[in-house]
Structures are given as structure tokens and as C-alpha cells.
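I am keeping these notes while I look through one protein model, entry by entry.

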Amino acid sequence: MAHGEYKVPSGKLVVADLELSEDAPVIARASINGDFFLEPDDALEALNAALTGLSADASREEIAAAVRAGLPEGAQMIGFDEAAVATAVRRALGRATGWEDHQWEVLPATNLPIAVNVALDQVLTEEVGAGNRPPLMRLWDWSERAVVIGSFQSLANEVDSAAAAALDTEVVRRISGGGAMFMESGNCITYSLCFPQSLVDGLSFADSYPFLDSWVMEALERVGVRAEYKPLNDIVSAAEGEGLGRKIGGAAQKRLANGGMLHHVTMSYDIDAERMTQVLRIGREKLSDKGHRSAVKRVDPLRSQTGLARQEIMDVFVRTFAERHGATVASIRPHELARAEQLVAEKFGTEEWTARVP
């Protein structure tokens, strides 16, 4: 027998209890159960039948397709869908993992150059993917003014190089996609998750974002901020009134060939929106018809919402993650830091990488 569970973000629990054939790696019997809703009642029998006979090596797409094909016409899945069933089945078969299947570590913030922080995302994700260290959550810290652009963004289109030079702003390109981040010392809270891709097996790209950041929604609530995800990758204020829907932060991801995965988030704490729009061309264009007051309001600083010091909020992040996922406090290992510094010299600190999309 095999057992797997999956809780749909903002949805229901789906449980897969499977009996595997002894003479072939196939599902001999399936029982899907949970607190979801399914109409009509006999659709559950059809759903279980659709899974019977599938290979134990079936992909998420194959499992989901079998469920769709097996359900009677007009059947309604409420609080879950075929992808959720596929995830629960994959977990039962040992092809996907949950948070509880890993021993997590938390790396509290260490002040490092911004380029080293970017390089560490690659190094630590590689280490986790290779099985050399447990999956982790790492908080960043840095001292310089910087812009971190997405892997596929045009340097010239995103950054006003003259303004960046005048404001002594370092520009670094990261390995993940997404948009540019304006990061002055003390004005942002940034964290990275490095973990095996099995944790998001069965999830769509869109669903993986709120799934991976469900813990931080709890942490934000603890400091008095109600937040929610705005697809694809924005975290916005869910508070009533003027703050409704205002952006708090954004996330980005990168999957590595060795099975490691990076998910990182930057949230504004006390951003200087005027200075940001001097350096970032895209931000300037978006705000060109709104005026300075709107520019200041575009990014919703955690300082004004919580009244707490940045470090206090970061401490809550560490405690929340540790309590929720049983994580232990750890640190960057000397060889990892050395490798990151090497990558700055060879890659992240070079014009060739930074301007790879001119």
C-alpha cells in the first residue's frame, strides 16, 4: 500500500491510497479521498477506476489526463482538480515530496556583497540538487545600493546606466527570470528557498508560487500584514482601504538540470520610490502618467504597515519557517562561500554576463 497527501492552496485536501501490483509496477487499486466536493457521487468510482492500471512511473501529465478522460461528462470537482489528484498520487508513489519529507535548514541573514548573494543562489541550489546539503531558506543582507535584473531582461531597457553610475548603484543579473529589483541597504527583505524539484512535482508554475510562499503569508500575518498572491508572481496587500491590492513584493524561480530549484522573493520594507524611478527605466515608464505621489504608492512598504524594524520582521520570518517546517538554524559553509566568490569573478561580476541581453 502507498499513501500520499496534497493540500490545494486555498483549497481542499486530496489523499491517495494506492495498492500496487506485486508482479508489475502498476496501480492495482486506487482510493482517492479527502475533504473536497465531487458531483455526482458516482464520479468518485470513475475517478478511482481511471487511476487503476496506470504505471507507477506515470508522469503528472499522464495521471491528470487519465483522470480527465475517466470522469463522466458534467462531473464537477470543487476545491481540487485533476492536477491535485496527480500530485497526491505522485507523492504516494514516492515520485513527489511534501515539506514534511525533508529536513529543512534556515540560514539567517549574513551581510555580503549583492553579487555574492546572487551567486549564492546558484551555488546553494546546486548543492541541494546534488544532495550535498538539506533544502533551506536563506535571508539576504547587503550594504550597497543595487539593481538586480532578471535573467532575460534587456540591460539597456531596464536600467538608466548614467543614473545608476551617478547614484553609485551596482547592477547584477541573477539566474532566475522576472523583473528588476531596486535594492538599497535596509530597504528590502529578500529570501531564497533552495530545494529538490520533487517538492513541486505535480504543480503548475502558477500554483507553485503560492504553495512555496504559504509560510510567509503566515509570517506576514504575524506582523500585522494581510497579504495574498496575485498571479503569477506578485504578493499584494489584502488589507481593506487604501492599501487594497498594493504590491508588497515579487517572486522568481529557476529550475536547475541537477534537480535543484530556486525560489526567491524580494519585499519592500522602506523603498525610496523616487530614487528607484531614476535608476529603473521600466518603473519610470509605468509611472510616467501618474505623478510622484502615485510613484511612492506603487510599492507598499512593510515599515508603514507594521511599525516594526526590518530585523524584527526578518526574525519573525525565521521563527515562522522554523516552526512550520521543523527547520534548524544553519549557516553558509566555507566552500560554498568560496565558490560563490569564484562565480562573481567568473560570471556575475562580468560585463559579459550582466549585458548578455544588451
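This is a predicted model: local features need pLDDT of at least 70, side-chain atom pairs count only at pLDDT 80 or more; totals for chains, interfaces and linings use all residues.

**Aromatic pairs.** Residues are numbered from 1 along each chain as its sequence is written, and side-chain values use heavy atoms, with hydrogens and water left out.

How are the rings of tryptophan 99 and phenylalanine 211 set to each other? Their centres are 5.8 Å apart and their planes stand at 40°, so I wrote the pair down as tilted, since planes under 30 degrees apart count as stacked, over 60 as edge-to-face and the rest as tilted. This pair links distant parts of the chain, with tryptophan 99 in the loop between helix H3 (82–92) and strand S6 (105–111) and phenylalanine 211 in helix H7 (residues 205–212), 112 residues apart. For the element names I rely on DSSP runs numbered from the N terminus, helices being H or I of at least four residues and strands E of at least two.

Are these two residues buried or exposed? Tryptophan 99 counts as buried because its relative accessibility is 10%, and phenylalanine 211 is buried too, with a relative accessible area of 8%. Here buried means under 20% relative accessible area, exposed over 50%, and partly exposed in between (1.4 Å probe, protein chains only).

Next I checked tyrosine 191 and tryptophan 215, which form an edge-to-face pair with 5.0 Å from centre to centre and 65° between the planes. Tyrosine 191 lies in strand S11 (residues 188–196) and tryptophan 215 in helix H8 (residues 214–222), 24 residues apart. Tyrosine 191 is buried at 0% relative accessibility, and tryptophan 215 is buried with a relative accessible area of 0%. I also see that ring pairs join Tyr6, Trp99, Trp104, Tyr191, Phe211, Trp215, Phe317 and Phe321 into a cluster.

**Threonine 320.** I found threonine 320 in helix H13 (residues 310–325), where it is buried at 0% relative accessibility. Leaving aside neighbours within four places in sequence, threonine 320 is in contact (heavy atoms within 4.5 Å) with Trp215, Glu218, Ala219 and Arg222.

**Helix packing.** Two packed helices are described by the angle between their axes and the distance between the axes. I looked at helix H4 (residues 114–129) and helix H14 (residues 334–348), which pack at about 120° with their axes 8 Å apart; the axes are lines fitted to C-alpha atoms, for helices over the stretch in contact, and angles run from 0 to 180 degrees between N-to-C directions. H4 and H14 are therefore oblique to each other, as angles under 35 degrees count as roughly parallel, over 145 as roughly antiparallel, 65 to 115 as roughly perpendicular and the rest as oblique. Among the residues that meet are Ala115 and Leu120 in H4, and Leu337 and Phe348 in H14.

Helix H1 (residues 43–51) and helix H2 (residues 60–70) pack at about 140°, with their axes 8 Å apart, and that makes H1 oblique to H2. Their contact is made by Ala46, Leu47, Ala50 and Leu51 of H1 and by Ile63, Ala66, Val67 and Gly70 of H2.

Notes: Rings of Phe, Tyr and Trp (its six-membered ring) pair if their centres lie within 6.5 Å; planes under 30 degrees apart count as stacked, over 60 as edge-to-face and the rest as tilted.
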